[in-house]
Amino acid sequence: MLSEVLLVSAPGKVILHGEHAVVHGKVALAVSLNLRTFLRLQPHSNGKVDLSLPNIGIKRAWDVARLQSLDTSFLEQGDVTTPTSEQVEKLKEVAGLPDDCAVTERLAVLAFLYLYLSICRKQRWPKEDLELINKWAFQGERMIHGNPSGVDNAVSTWGGALRYHQGKISSLKRSPALQILLTNTKVPRNTRALVAGVRNRLLKFPEIVAPLLTSIDAISLECERVLGEMGEAPAPEQYVVLEELIDMNQHHLNALGVGHASLDQLCQVTRARGLHSKLTGAGGGGCGITLLKPGLEQPEVEATKQALTSCGFDCLETSIGAPGVSIHSATSLDSRVQQALDGL
């Protein structure tokens with residue numbers, strides 16, 4: 001039973017190399033992003049379970065007694081269960097969401113209730129079992145995405161950098177923390193259509209596209225090697241290699257047809273300032289990352305951010321290779337985070 005406030009956070013994720021090629025059996029490198037999601041668990045005596053997700057405008061509550069009285073036998077399928085369509089339908093009844101509820105709200109609430117009812121009904125809950133956290137996070141991903149790769153939950157659980165290849169996920173040893181700019185072009189994209197477009201291009205031009213995918217695979221492997229060598233004392237020449245890999249991968253992704261004018265603009269703006277950028281994720285808009293070398297003066301970083309903002313983009317300075325799931329004391333939190341939590 002929770003007797004005091006518990007503060008937990010987990011990092012986000014970006015793909016460093018291997019976008020789209022991973023769909024065709026190649027290696028992808030995913031890294032944790034130090035833009036963290038914070039969770040505050042706080043006991044109450046009002047007999048209710050309250051859920052507040054301010055970033056997507058969710059604020060809901062359920063009576064604990066009602067939840068405890070529910071027939072949750074449909075969840076009894078082992079330690080970490082995979083939600084079935086029947087379970088999802090029953091959870092919709094429990095959630096009591098209106099018919100006009102937004103898709104994002106519905107999925108978030110269903111994922112919360114599924115995890116809450118499944119985990120809280122168990123007799124034992126080990127405090128420091130990252131394997132178990134990762135397994136449950138994967139089930140939350142399934143509630144939202146249907147058939148996820150497992151990369152997102154693994155990166156958020158373990159942190160650092162991960163290698164994904166044909167369904168197998170492994171951690172990179174001694175991966176350094178790298179400073180980056182994460183830029184959101186705010187151009188919406190359709191991941192499924194972009195993936196299908198690459199597949200069609202491969203079928204149409206196999207002798208052209210297959211070598212591109214093989215080359216992206218080689219970029220991922222070379223990046224993995226360099227990151228392993230960098231450890232805690234990276235050398236300037238290793239950053240030069242990382243920049244070259246970023247440039248080559250971006251050109252390859254453009255050749256695969258997943259670039260966008262907004263991403264070209266992002267690369268041009270940063271290139272004019274001696275920085276190197278590439279898309280991350282599906283492409284066709286979305287987000288891009290820019291590597292910041294050590295020794296770059298903060299006024300230069302701020303000028304770059306301002307130039308990108310002037311293009312209509314959102315730009316954040318952060319780091320990759322951040323720690324995974326972490327427990328915090330209230331005094332250790334950044335003032336902005338503490339302010340946001342206090343406003344819930």
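UniProt lists residues 244-297 as "domain: GHMP kinase C-terminal", in an unreviewed entry. Such annotations may be inferred rather than shown by experiment, and positions follow the numbering used here, with feature names shortened. The model is predicted: local features need pLDDT of at least 70, side-chain atom pairs count only at pLDDT 80 or more, and totals for chains, interfaces and linings use all residues. Residues are numbered from 1 along each chain as its sequence is written, and side-chain values use heavy atoms, without hydrogens and water.

**The listed span**
- Residues 244-297 are 43% helix and 20% strand.
- Their end C-alpha atoms lie 21 Å apart.
- Helices (H or I, at least four residues) and strands (E, at least two) are DSSP runs, numbered from the N terminus.

**Helix α8**
- Helix α8 covers residues 236-255, 20 residues in total.
- From first C-alpha to last, α8 reaches 29 Å, close to the 28 Å expected at 1.5 Å a residue.
- That expected span is 1.5 Å times one less than the number of residues.
- Buried residues of α8 include Tyr239, Leu242, Leu245, Ile246 and Leu253.
- Buried means under 20% relative accessible area, exposed over 50%, partly exposed in between (1.4 Å probe, protein chains only).
- Residues three or four places apart point the same way, because an α-helix has 3.6 residues a turn.
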